[in-house]
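Good morning, and thank you for making time for this presentation. Please keep the sequence and the model in view while I speak.

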Amino acid sequence: MADRLSARAAIEAATSAFTELHAPERETATEGPLGWEGYAASRARARERTGEQESVIYGEAEVEGRPCVVLSFEFGFLGGSLGERTGDRLEAAYRAARERRLPLVSLIATGGSRMQEGMVALTQLHRVARQSTLLRSAGLPQIAVLRDPTTGGGWATLGAGADVVLALPGAQVGFAGSRVRPADADPAAYAAEGQLAAGAVDAVVPVAELRGVLGRWLGLLSGGAPDGPAPAEVPAALGASGLPGTGWEAVSQARASSRPRAAAYLDAYFTFRLPLSGDRCGGVDPGMLCGFGERDGRTVAYAAQAGTATRPAGYRTAARLLRLADRLGVPVLTLVDTPGAANDAAAERAGQGAAVADCFAAVAGVGVPVTTLVIGEGGSGGALALAAPGRTWVTPDSYFSVIAPELAAAILKRGVGAVRGTADQLGVRPQDLVRLGLARGVISPTPPLP
């Protein structure tokens, strides 16, 4: 089991300064709205044990010099449960973030809604969802830190509903708490590490590193320009500089194992970067790298294919990244490198068509500029879904094609010997794409102006 930090110990670990805020709170009937016998005594014992008046405290804070509003759950106070007065405090924290134009950081440790207040407690989730939506509409980011445990409605609103979800190692994380889940349930599915593998958490962060990671995230997510960001700079080419003579040569160069891949481009492009991981629907695609990074002192979001067939989770993660960047006013860089969308049965069962469609819609729908560089294989619609119309460049060791030459030859009932000639007919070379008006230029080791 992970260490269970108190609310104030969690704040101390995460922030360099904290000023608690207080809002007027309603009077609570002695035994609560249901007249639950012994409820008043339970609250009194919780106050004596923890020194807190409720299960949540909140205030204005600094994290590595970055201002924010922080709320923190006290699990020792009735299991960090949400009651009506908890809802008052959560609502006040969100309102403070909006009024001060600050990001919200939630340090969560809760067992869910407070049974002693019945449905009155459960409906506090409506209040949280409403406040989260208002903060999102205001263009302000939300970061959740999942402590042990994070279950029930707290996970399903404050936790899973945040823009970036971090978790402490070993924390219990799940909609079902330990006393209500099936007896034969796999415990790994209810742990921070299991939720990371399932695409519900972006990173597992040790307590000692939490403040530094939060500070970098706050800097990146607060670095947008709501009035209209400039496009991301086009990265310099890292691979071969000579243009291919034939279509098949272009395909061969793009498929070469020695060619630089997305990770190398991202490392060369950013001072530092932090990943977003997972599609929030149960999937992670290691072949799609998404996140935010710092480039020349400003924030750029990225979605980069890493050379493998892109899976539904990859497209959904990219769409998630694009929409978050749009809301925060951050320009986006996409790197195209895939033989195509994964077409196996598992991909189809996971909704490949809908995932690709959603990625197309995300690229088309964002208001921030999207810059695309094709760095390797541009395999049909699976690659095009990540490409920005009118703002796409290509490297000399890349190609883009409506279909792989081998598949085209097979469909046309040509022999294996006709594959190379078919590649020439398809017009897949970088210079062909520029001539056809599909790419703005071929990138050299010195990139063009945006």
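Is Cys68 buried or exposed? Cys68 is buried, with a relative accessible area of 0%; buried means under 20% relative accessible area, exposed over 50%, and partly exposed in between, with a 1.4 Å probe and protein chains only.

A word on conventions. This is a predicted model, in which local features need pLDDT of at least 70 and side-chain atom pairs count only at pLDDT 80 or more, whereas totals for chains, interfaces and linings use all residues. Residues are numbered from 1 along each chain as its sequence is written, and side-chain values use heavy atoms, with hydrogens and water left out.

I continue with the cysteines. The structure holds 0 disulfides, a disulfide being a pair of cysteine sulfur atoms within 2.5 Å. For Cys290, the closest cysteine sulfur belongs to Cys359 and lies 8.4 Å away, which is too far for a bond. Cys290 is itself buried, at a relative accessible area of 2%.

Next, strand 3, residues 66-73. Helices (H or I, at least four residues) and strands (E, at least two) are DSSP runs, numbered from the N terminus. Two strands count as paired if DSSP finds at least two bridges between them. Strand 2, residues 56-63, runs antiparallel to strand 3 and is joined to it by 8 bridges. Within this pairing, Val63 stands opposite Arg66. The hairpin of the two strands has 2 residues between them, and there Glu64 takes a positive phi near 50°.

Strand 3 also runs parallel to strand 4, residues 104-110, with 4 bridges joining them. Here Val70 stands opposite Val105. From strand 3 the chain passes through helix 3, residues 84-100, to strand 4, and this β-α-β crossover is right-handed: with the strands pointing away from the viewer, the path from the first strand over the helix to the second runs clockwise. In the loop between strand 3 and helix 3 one finds Leu78, a residue other than glycine with a positive phi near 50°.

A further backbone feature is the cis peptide bond from Asp148 to Pro149, with omega near -5°. Pro149 lies in strand 5, residues 142-151.

I turn finally to charged side chains. The structure holds 24 salt bridges, a salt bridge being a side-chain nitrogen of Lys or Arg within 4 Å of a carboxyl oxygen of Asp or Glu. What is the N to O distance between Arg327 and Asp163? In this salt bridge it is 2.3 Å. Arg327 lies in helix 11 and Asp163 in the loop between helix 6 and strand 6, so the pair ties together parts that are 164 residues apart in sequence. Arg327 is partly exposed at 23%, whereas Asp163 is buried at 6%.

Asp202 forms a salt bridge with Arg280, with the closest N and O atoms 2.6 Å apart. Because Asp202 sits in the loop between helix 7 and strand 8, and Arg280 in the loop between strand 9 and strand 10, this pair ties together parts 78 residues apart in sequence. Asp202 is buried at 4% relative accessibility; Arg280 is partly exposed at 26%. Arg280 also has a positive phi of about 65°, although it is not a glycine.

Lastly, a network of salt bridges links Asp88, Glu91, Arg95 and Arg127. Thank you for your attention.
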